[in-house]
Amino acid sequence: KPGMTIKELAETMGIRVVDALKSLIKMGEEPKTIQDELTIDIAELLVLEYGMHVKLPEGSESMKLDLRAPVVTIMGHVDHGKTTLLDYLRSTSVAAGEVGGITQSIAAFEVHRPKLGKICFIDTPGHQAFSSMRERGAKATDIIVLVIAAEDGVMPQTIEVIDHARAAQVPIIIAVNKCDLPGADPNMIYSQLMEHGVTVEPFGGDVQTVNISALRGQGIDKLEEAILLLAEMMDLRAPRDGPAEGFIIESRKDKALGPVASCVITLGALRVGDVVVAGADWGRVKVLRDAKGESVKFVGPSSVAEVVGFRSQPSAGQELFVVENDSKAESYTEKFGSRKGSMKRIQSSKQEEHQGELME
Ligand code: GDP
Ligand code: MG
């Protein structure tokens, strides 16, 4: 919007004003106050920096916001049971039991609980692409389930997850795993968590905790209920219609189909025929599959989708969005290329600075 101030744009984008200012300074601008008006060019660059596309003001105002399902990531220390838990959850997901269900293998799936609702799980622990996504200020997840093995307790990577969740302002739910083992002592874990500033409900705090055995599938229903309860309190909303946004989970090259991208749609609806952009790659959606692996005409928010139609293979962790036409897509991907170039320069000059510091 012409004449938008830094503050207004940051608020529209859902980023902190200080981050917007920092980015502007990085781009070589000299903002004086947060009420400074931005030119369209600079505003667009700032939006691209955060991996979003510029929304038309009238579109964003008329978009109706509907409740949407939570997008959840499972994190925790190595060997605490993340894979086992994901495998169990996946076995109860919609794709389970469907012979040849393509989406079964992808790193995201949906779990539907009758009457309670849907949960979209993404399986990306420690994925480099996603940490760079987080650095850009984009959120891949609404809720983090922090798995802690009962017999092992809070470990270095457990603390990393707590710190990360805090920095990203993503709420956590504790899953005390391996409760089938003799000597499992959740209380011990609660005390350890308290030392790291996490107070669980049994200790009077507001962080939910659930005792589970991922191996035996015990307590998983309670975990899902905890997720859905938290999601309800978070009042997660997104427009159900309008141009889709989301991010790429992973992509592969199919001999017959060409690039196939697995993604999570976060808002709007992705439709067959849409022109999609993801970083430096774009294409027109030819085939769209839902979480069940079924060919569909569209998918809505908080959904897993598989997209056939990209001209080149998009990278994991890249934000995806729909544009009006091919030429728009081309100009976005070009801009992305030049932006990447300037980011690289910034990074290398940062490194030089750093080396300078080390030498002092
Ligand atoms: P990850 O590194 O966090 O992905 O951990 P894994 O899921 O690979 O689990 C590490 C080990 O712990 C494996 O040998 C699992 O079989 C075992 N494990 C996972 N969950 C449970 C559980 O609930 N109970 C028991 N007894 N073992 C478990
Ligand atoms: Mg694992």
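## Ligand shell, core and selected residues

Of the 15 residues around ligand 1, the nearest are Asp79, Lys82, Thr83, Thr84 and Asp180. A residue counts as near a molecule if one of its heavy atoms lies within 4 Å of it. This is a predicted model, in which local features need pLDDT of at least 70 and side-chain atom pairs count only at pLDDT 80 or more, while totals for chains, interfaces and linings use all residues. Residues are numbered from 1 along each chain as its sequence is written, chains are lettered from A and ligands numbered from 1 in the order in which they are written, and side-chain values use heavy atoms, with hydrogens and water left out.

### Around ligand 1

The shell around ligand 1 divides into 4 nonpolar, 7 polar and 4 charged residues. Here Ala, Val, Leu, Ile, Met, Phe, Trp, Tyr, Cys and Pro count as nonpolar, Asp, Glu, Lys and Arg as charged, and the others, Gly among them, as polar. Helix α5 (residues 82-91) gives the largest share of this shell, 3 residues. Helices (H or I, at least four residues) and strands (E, at least two) are DSSP runs, numbered from the N terminus.

| Residue | Polar atom in | Distance to an oxygen atom of ligand 1 |
|---|---|---|
| Glycine 81 | backbone | 3.0 Å |
| Lysine 178 | side chain | 2.9 Å |
| Alanine 214 | backbone | 3.0 Å |

Taken alone, ligand 1 exposes 580 Å², and the protein buries 74% of that. Accessible areas come from the Shrake-Rupley method with a 1.4 Å probe; for residues, only the protein chains shown count as cover.

### The nonpolar core

In soluble globular proteins, nonpolar side chains tend to be buried together. In this model, the largest nonpolar core has 25 residues. Such a core is a set of buried Ala, Val, Leu, Ile, Met, Phe, Trp, Tyr and Cys residues joined through side-chain atoms within 4.5 Å. Buried means under 20% relative accessible area, exposed over 50%, and partly exposed in between (1.4 Å probe, protein chains only).

Ile74, Leu85, Phe121, Val145, Leu223 and Ile227 have the most contacts inside the core. The elements that give two or more residues to it include β2 (71-76), α5, β3 (108-113) and β4 (117-122). Also among them are β5 (143-149), β6 (172-177) and α9 (220-234). The largest share, 7 residues, comes from α9.

### Polar residues in strands

Threonine 73 sits in strand β2. Threonine 73 is buried because its relative accessible area is 6%. Its side chain makes a polar contact with the side chain of threonine 141, at 2.8 Å.

Glutamate 110 belongs to strand β3. Is glutamate 110 buried or exposed? Glutamate 110 counts as buried, because its relative accessibility is 7%. The side chain of glutamate 110 makes a polar contact with that of histidine 112 (3.1 Å). A polar atom of the glutamate 110 side chain also lies 2.9 Å from the backbone nitrogen of valine 304.

### Strands β10 and β15

Valine 260 lies in strand β10 (residues 258-267). At 0% relative accessibility, valine 260 is buried. Glycine 309 is in strand β15 (residues 303-310) and is buried too, at 9%. Valine 260 and leucine 288 are 28 residues apart along the chain, with C-alpha atoms separated by 9.8 Å.

### Loops and cysteines

Which loop holds lysine 115? Lysine 115 is in the loop between β3 and β4. It has a positive phi of about 70° although it is not a glycine. Lysine 115 counts as exposed, because its relative accessibility is 91%. Aspartate 235, in the loop between α9 and β8 (237-239), has a positive phi of about 50° and is not a glycine either. Aspartate 235 is partly exposed, at 39%.

The structure holds 0 disulfides, a disulfide being a pair of cysteine sulfur atoms within 2.5 Å. For cysteine 263, the nearest cysteine sulfur is that of cysteine 120, 10 Å away. Cysteine 263 is buried, with a relative accessible area of 1%. Cysteine 179 is partly exposed, at 25%.

Notes. A polar contact is a pair of N or O atoms within 3.5 Å; within protein, one must be able to donate a hydrogen and the other to accept it, and residues adjacent in sequence count only if both atoms are side-chain atoms.
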